[in-house]
Amino acid sequence: MPDPWFMHRKLVHCRKLNGDAPIANSGTSMSQIKTIGVLTSGGDSPGMNAGVRAVVRAAIASDLAVYGIERGFQGLVDRQLRPMSSRDVSGIINQGGTILKSARCSAFLKEEGRAVAAKTLGDHNIDALVGIGGDGTYR
């Protein structure tokens, strides 16, 4: 897991320097992103809370709204989202596990499940999604 402070600097750095640079192949540029979602997926591991905290704090520092998605991709399918603030992530670094909880999601492996998840993102105007987890999170 990358160092959370590095992730914070990287997000702020990308936003400041790459204003209109596209993000991967999404066709979206950093300057178009107003709201992000963050989720943890798969089994709990050390540093997940630190990662969530880094994402939330970096987003807020960049004037972005942040939604925490509970129970990973299952939370996207079940619409379990909540706005996140600095208060939500204060004091979580030394807690084990993840405050967002984590789950595997068989529904997300099917096209219908991914369509529901995409609709959930659209309904909350989420422009970018940060997944914190292992190999399965990025497949």
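Predicted model: local features only at pLDDT ≥ 70, side-chain atom pairs only at ≥ 80, totals over all residues.
I looked up Arg 79 before anything else. Arg 79 is partly exposed, at a relative accessible area of 43%. My cut-offs: buried is under 20% relative accessible area, exposed is over 50%, and partly exposed lies in between, with a 1.4 Å probe and protein chains only. Residues are numbered from 1 along each chain as its sequence is written, and side-chain values use heavy atoms, with hydrogens and water left out.

**Salt bridges**

I counted a salt bridge when a side-chain nitrogen of Lys or Arg lies within 4 Å of a carboxyl oxygen of Asp or Glu. Searching the whole structure gave me four salt bridges. Arg 79 pairs with Asp 123, with 3.0 Å between the closest N and O atoms. This pair links distant parts of the chain: Arg 79 sits in the loop between α3 and β3, Asp 123 in helix α5, 44 residues apart. Asp 123 is partly exposed, at 38%.

Next I checked Glu 70. Its side chain meets that of Arg 82 in a salt bridge, 2.7 Å from N to O. Here too distant parts of the chain are linked: Arg 82 is in strand β3, Glu 70 in the loop between β2 (65-69) and α3, twelve residues apart. Arg 71 also forms a salt bridge with Glu 70, the closest N and O atoms being 4.0 Å apart. I therefore logged Glu 70, Arg 71 and Arg 82 as a network of salt bridges. For accessibility, Arg 82 is partly exposed at 24%, and Arg 71 is partly exposed at 32%.

**Helix α5**

I took helices (H or I, at least four residues) and strands (E, at least two) as DSSP runs, numbered from the N terminus. Helix α5 (residues 111-123) has buried residues Gly 113, Ala 117, Thr 120 and Leu 121. They cover an arc of only 100 degrees around the axis, which puts them on the same side of α5; the arc is that of the directions from the helix axis to the C-beta atoms. The face turned away carries exposed Glu 111, Glu 112 and Lys 119. I then asked what covers the buried residues of α5. The cover includes α3 (72-78), β3 (81-83) and β4 (128-132), with contact meaning heavy atoms within 4.5 Å.

**Helix α2**

Ten of the 14 residues of α2 are buried, so this helix is largely enclosed by the rest of the structure. Among them I listed Met 48, Val 52 and Ala 59. Asp 63 follows α2, and its phi is positive, near 60 degrees.
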